[in-house]
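User: I have a structure open and some quick things to check. Can we go through it?
Analyst: Go ahead.

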Amino acid sequence: KIHESIVMDMCQVFDLELDSLEIEMVQKETIHPRKSYKMNSSCADILLFASYKWAVSKPSLLTEQKDGFDGATTTKYWIDIQLRWGDFDSHDIERYCRAKFLDYTTDNMSIYPSPTGVLLAIDLAYNLHSGFGNWFPGVKPLLQRAMNKIMKANPALYVLRERIRKGLQLYSSEPTEPYLNSQNYRELFSPQIIWFVD
């Protein structure tokens with residue numbers, strides 16, 4: 001459910017940017033429902049077709065500023081969205097992205113529709129995200145903004161976070177402080193120290 005929801009959000013992001021990124025078509029691939037459980041191979045979730053040709057950079061992280069374009073071009077660009085459940089000892093999402101991209105683009109099990117694309121990963125436990133792959137002009141800043149927004153506003157991720165909070169009892173059912181009213185608002189401006197604990 002979470003995977004499907006994020007893929008749909010990402011498709012909508014690209015649908016709004018067809019002209020500015022010179023995209024001919026955004027194609028959502030048919031995905032096996034248990035994709036996130038299969039760790040030894042992967043596949044594309046979204047396939048973008050270029051109106052003309054895109055110049056593509058060498059592989060780099062989503063957060064890296066300068067990309068090196070070496071004259072390579074492509075007409076097809078894939079996006080692979082990976083979900084993971086990090087633990088305390090291994091939740092370096094950037095390292096995970098890079099390793100998985102290099103694994104999946106060089107093994108014989110993963111069949112990607114073109115040599116150029118990007119792997120985006122989301123750590124559901126630590127609420128982190130990153131990406132590693134090739135980039136064409138304009139797509140990296142767009143994905144940076146889109147991923148930040150999806151992490152905050154995606155309904156499936158929100159439900160997951162609420163369930164985790166509830167399971168760990170990290171919420172307060174009743175506010176412990178009285179609401180501000182005409183009698184107690186003066187306390188805010190008194191010289192004593194008042195702690196606000198959220």
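This is a predicted model: local features need pLDDT of at least 70, side-chain atom pairs count only at pLDDT 80 or more; totals for chains, interfaces and linings use all residues.

User: How many disulfides turn up?
Analyst: Zero, from a search of the whole structure.

User: Switching to helix α2, what span should it have?
Analyst: Helix α2 has 12 residues, 93-104, and at 1.5 Å a residue they should span 16 Å. The C-alpha atoms at its ends are 16 Å apart, so the two agree.

User: Which residues of α2 are buried?
Analyst: I93, Y96, C97, K100, F101 and Y104. They lie on the same side of α2, because they cover an arc of only 125° around the axis.

User: What do those buried residues pack against?
Analyst: Strands β4 (69-84), β5 (117-123) and β6 (128-133).

User: What caps the N-terminal end of α2?
Analyst: D92 does, with a side-chain oxygen 3.2 Å from the backbone nitrogen of E94.

User: Now the largest nonpolar core. Which residues touch the most other members?
Analyst: M10, F14, L48, Y77, I79 and L143, out of 36 residues in that core. At least two residues come from each of α1 (2-15), β1 (23-28), β2 (46-57), β4, β5, α3 (139-153) and α4 (155-168).

User: What does L143 touch?
Analyst: Leaving aside residues up to four places away in sequence, L143 touches M10, F14, L62, V118, L120 and W135.

User: What lies apart from that core?
Analyst: Another core, of 13 residues, including A44, L61, F101 and L119.

Technical notes: Residues are numbered from 1 along each chain as its sequence is written. Side-chain values use heavy atoms; hydrogens and water are left out. Helices (H or I, at least four residues) and strands (E, at least two) are DSSP runs, numbered from the N terminus. The expected span of a helix is 1.5 Å times one less than its number of residues. Buried means under 20% relative accessible area, exposed over 50%, partly exposed in between (1.4 Å probe, protein chains only). The arc is that of the directions from the helix axis to the C-beta atoms. Contact means heavy atoms within 4.5 Å. A polar contact is a pair of N or O atoms within 3.5 Å; within protein, one must be able to donate a hydrogen and the other to accept it, and residues adjacent in sequence count only if both atoms are side-chain atoms. A disulfide is a pair of cysteine sulfur atoms within 2.5 Å. A nonpolar core is a set of buried Ala, Val, Leu, Ile, Met, Phe, Trp, Tyr and Cys residues joined through side-chain atoms within 4.5 Å.
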